[in-house]
Amino acid sequence: MPRRYILWDHDGVLVDTERWYFVATRDVLEGVGVELSQETYLEYMARGQQCWDLCRDRGMTDEEVSRHRELRNSIYQEHLRTQPIEIDGVADVLSTLSSSFEMAVVTTARREDFELIHRSRDLLGFFRFVLTVEDYRRSKPHPDPYLAGLERFGAAPDQAVAIEDSARGLRSTLEAGLDCIVVRSPFTASQDFSGAWRMADSIRQVPEILAA
């Protein structure tokens, strides 16, 4: 059955935001005496765990965690406003693929952050819909986000392909029965991408892969 649909991850694939989310989280944890390396962050991320468990292990209450999480969210949004997050070639690739595929975004981002990112960008017109973390029950690496995307399209897994950049996202696609193109990212380069259908060195290679 020919592929007709593309389900895009967002952070790390369409915008270079993942490292700023890490930086914001690291800096807040550092302020309460918890050291968070990028390696540890990526390990937690791949397993779908929260780094806030490091705080709970030190006796921080859920109320305190919630307060520090809100601080992290505020710092992250400031990074989104002030730091460079563009990925070269994204608009060109989306324009090329939009003539042959229906496309959507399936992200673990909060809708508030997603809308801030796209307030001054012109990418959303390429997508039929966007699913954020508020739109499904369990986040990646569970299959729920991509299953929700397939349901919204009314598509079978073999009619679609997912584009991801993290091991957590890849696992989500595989559990949903989707083939996945992983676009290599410096931030997640150390993760295990066994099971990926194809690997791409940049987003610019995606149209060529899909045309093969």
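**View 1. Thr17 in the loop between S1 and H1.** In this predicted model, Thr17 sits in the loop that links S1 and H1. Is Thr17 buried or exposed? Its relative accessibility is 0%, so Thr17 counts as buried. Residues up to four places away in sequence aside, Thr17 touches Asp11, Gly12, Tyr76, Leu80, Ile85 and Ile117.

**View 2. Helix H1 against helix H4.** Two packed helices are described by the angle between their axes and the distance between the axes. Here H1 spans residues 18-31 and H4 spans residues 62-82. Their axes come within 9 Å and cross at roughly 140 degrees. H1 and H4 are therefore oblique to each other. The crossing of H1 past H4 is right-handed. Which residues of H1 and H4 meet? From H1 come Trp20, Tyr21, Val23, Ala24, Thr25 and Val28. From H4 come His68, Leu71, Arg72, Ile75, Tyr76 and His79. By type, the residues of this contact are eight nonpolar, three polar and one charged.

**View 3. The six-stranded sheet.** Strands of a sheet pair through backbone hydrogen bonds, either parallel or antiparallel.

View 4. S4 covers residues 160-164 and S5 covers residues 179-183. The two strands pair in the parallel sense over four bridges. Val161 stands opposite Asp179 in S5.

View 5. How many of the ten residues of H7 are buried? Seven are, so H7 is largely enclosed by the rest of the structure. The buried residues are Asp144, Pro145, Tyr146, Ala148, Gly149, Leu150 and Phe153. They pack against S1, S2, S3, S4 and helix H8 (167-175).

**View 6. Backbone details on either side of H7.** Most residues other than glycine have a negative phi, and most peptide bonds are trans. Pro141 lies in the loop between S3 and H7. A cis peptide bond joins Lys140 and Pro141, with omega at about 20 degrees. Just after H7, Gly154 takes a positive phi of about 70 degrees.

**View 7. Ile209 in helix H9.** Ile209 belongs to H9, which covers residues 206-211. At 16% relative accessibility, Ile209 counts as buried because the cut-off is under 20%. What does Ile209 contact, leaving aside its neighbours within four places in sequence? The partners are Ile181, Trp197, Arg198, Met199 and Ala200. Ile181 lies 28 residues from Ile209 along the chain, and their C-alpha atoms are separated by 8.6 Å.

Notes. Residues numbered from 1 in each chain as written. Predicted model: local features only at pLDDT ≥ 70, side-chain atom pairs only at ≥ 80, totals over all residues. Heavy atoms only, no water. Buried < 20%, exposed > 50% of the residue type's maximum accessible area, 1.4 Å probe, protein only. Contact = heavy atoms within 4.5 Å. Axes fitted to C-alpha atoms, helices over the stretch in contact; angles between N-to-C directions. Parallel < 35°, antiparallel > 145°, perpendicular 65-115°, else oblique. Left-handed = near helix turned anticlockwise from the far one by under 90°. Nonpolar A, V, L, I, M, F, W, Y, C, P; charged D, E, K, R; others polar. Pairing = 2+ DSSP bridges.
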